[in-house]
Amino acid sequence: MTNFFYQGRLYYTPIELTMAFIGGTWKMPILLALRKGPVRYGDLRKAIPHINDKMLYSQLRDLEKKGMIQRKVYQTKPPRVDYILTDLGNKSIKLVDKINDFGEYLLEVEGIELK
């Protein structure tokens with residue numbers, strides 16, 4: 001396989017590019033929280049309670065920049081913002097589910113108990 005550049009960065013495999021889009025601690029939980037439709041910022045915070053505001057905001061902006069989610073601002077008082085998956089974000093959900101399934105399998109075979 002040949003290496004390639006995307007947005008000024010060198011990638012060696014399509015897997016590496018995929019992980020740039022959905023990898024890390026927070027992107028997959030955010031994508032999963034949006035799988036059923038539009039979600040407000042505060043509801044995302046509740047869905048992922050162990051993420052701080054700075055990190056959530058940063059990850060949302062990154063996912064938006066990569067075309068995975070869309071931010072919709074309503075001109076109301078107080079302002080309302082919803083986040084929703086784009087077609088690209090929706091396409092990633094099957095992969096995220098498979099990664100989660102593999103993680104659950106690893107928990108089982110390694111004898112790791114959830115607390």
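This is a predicted model: local features need pLDDT of at least 70, side-chain atom pairs count only at pLDDT 80 or more; totals for chains, interfaces and linings use all residues.

Colleague: What's the strand order in the open sheet?

Modeller: The order is E3-E5-E4, three strands with antiparallel pairing.

Colleague: And which strands stand at the edges?

Modeller: E3 (39-40) and E4 (69-74) do. Each has a single partner strand, so one side of each has no neighbour in the sheet.

Colleague: OK, back to the pairing. How many bridges join E3 to E5?

Modeller: Two, with E5 being residues 80-85 and the pair running antiparallel. Valine 39 has tyrosine 83 in E5 as its bridge partner.

Colleague: And how many bridges for E4 and E5?

Modeller: Six, again in the antiparallel sense. E4 and E5 form a hairpin, with five residues between them. Isoleucine 69 stands opposite leucine 85 in E5.

Colleague: Let's zoom in on valine 81. Buried or exposed?

Modeller: Buried: its relative accessibility is 18%, and the cut-off for buried is under 20%. Valine 81 sits in strand E5.

Colleague: What does valine 81 touch, leaving out residues up to four places away in sequence?

Modeller: Val39, Arg40, Tyr41, Arg71, Lys72 and Val73.

Colleague: Switching topic: how many salt bridges does the structure hold?

Modeller: Seven. One of them is in E5's range: aspartate 82 and arginine 80 meet at 2.8 Å, N to O.

Colleague: How accessible is aspartate 82, and what about arginine 80?

Modeller: Aspartate 82 is buried at 6% relative accessible area, whereas arginine 80 is partly exposed at 31%.

Colleague: Which residues are linked in a salt-bridge network?

Modeller: Lys27, Asp62 and Lys66. Within it, aspartate 62 and lysine 66 have their closest N and O atoms 3.0 Å apart.

Colleague: And what does glutamate 16 pair with?

Modeller: Arginine 9, with the closest N and O atoms 3.3 Å apart. Glutamate 16 is partly exposed at 25%, and arginine 9 is partly exposed at 40%.

Colleague: Last one: which residues does the UniProt domain annotation cover?

Modeller: The unreviewed entry puts "domain: HTH hxlR-type" on residues 13-111. In the model that span is 60% helix and 14% strand, and its end C-alpha atoms lie 32 Å apart.

How values were computed
Residues are numbered from 1 along each chain as its sequence is written. Side-chain values use heavy atoms; hydrogens and water are left out. Two strands pair if DSSP finds at least two bridges between them. Helices (H or I, at least four residues) and strands (E, at least two) are DSSP runs, numbered from the N terminus. Buried means under 20% relative accessible area, exposed over 50%, partly exposed in between (1.4 Å probe, protein chains only). Contact means heavy atoms within 4.5 Å. UniProt positions are given in the numbering used here, feature names are shortened, and annotations may be inferred rather than shown by experiment. A salt bridge is a side-chain nitrogen of Lys or Arg within 4 Å of a carboxyl oxygen of Asp or Glu.
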